[in-house]
Amino acid sequence: MSIQNSSYSAFATLLASSGHPSSPAELHGLLLGRSCAGAGFELSPWIADATDLLGSPPQDAVGQALAGLQAMVKEELTGTDMAMVLLLPSDEAALTERTFALGQWCQGFLGGFGLTAREGSLSAEALEVLRDIAAVAQVQGALEESEDAEGDYMEVMEYLRVAPLLLFAECAKHAALESTPALK
């Protein structure tokens with residue numbers, strides 16, 4: 001079982017057992033979108049945005065999971081590895097399930113990005129990335145099981161692992177680095 005699969009499954013189980021019908025993919029997309037748009041990494045605004053999606057305030061275990069998710073996203077966006085892990089079902093899940101979750105992730109990302117107020121306009125490249133994410137959000141369940149469809153899914157997923165880094169670099173990286181205390 002991959003780490004990605006165990007994280008997605010565990011988070012989905014936690015959300016369901018806590019009475020939150022939200023998808024881990026959509027929550028992760030929401031967090032990543034708001035972070036890339038410049039919302040910063042303070043916990044209380046993230047919990048407030050997650051509460052809107054969840055429909056009620058998260059209790060202990062869900063709140064801790066959301067805090068952990070934010071710590072992971074902060075490390076991925078501000079670290080030097082240039083690696084982004086999308087919280088999606090494992091490769092063993094049916095392609096329709098993975099495609100649906102990918103669409104939910106995109107919807108969450110666009111929602112989070114759109115909720116965050118930013119100054120200035122976006123570059124043509126950033127606008128194109130957002131249009132691409134919006135297009136992917138529309139393909140939920142449209143892929144049928146085949147080798148070609150599997151390849152298409154993997155290409156899109158790889159693109160979406162890089163796209164947030166571009167948007168973060170343009171919209172939020174400078175502000176995130178300014179708010180991080182310098183080491184002395």
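Colleague: What are the ground rules for the values?

Modeller: The model is predicted, so local features need pLDDT of at least 70 and side-chain atom pairs count only at pLDDT 80 or more, while totals for chains, interfaces and linings use all residues. Residues are numbered from 1 along each chain as its sequence is written, and side-chain values use heavy atoms, with hydrogens and water left out.

Colleague: How many aromatic pairs does the structure hold?

Modeller: Three. Rings of Phe, Tyr and Trp (its six-membered ring) pair if their centres lie within 6.5 Å; planes under 30 degrees apart count as stacked, over 60 as edge-to-face and the rest as tilted.

Colleague: Why is the pair of Trp 105 and Phe 109 called stacked?

Modeller: The centres are 5.3 Å apart and the planes stand at 25°, so the pair is stacked. Both residues lie in helix α5 (residues 95–115), four residues apart, about one turn. Helices are DSSP runs (H or I, at least four residues), numbered from the N terminus.

Colleague: What makes Phe 109 and Phe 113 a stacked pair?

Modeller: Their ring centres are 6.2 Å apart and their planes at 15°, so this pair is stacked. Trp 105, Phe 109 and Phe 113 form one aromatic cluster.

Colleague: How do you know whether Phe 113 is buried or exposed?

Modeller: Buried means under 20% relative accessible area, exposed over 50%, partly exposed in between (1.4 Å probe, protein chains only). Phe 113 has 3%, so Phe 113 is buried. Trp 105 is buried at 0%, and Phe 109 is buried at 0%.

Conventions. Helices (H or I, at least four residues) and strands (E, at least two) are DSSP runs, numbered from the N terminus.
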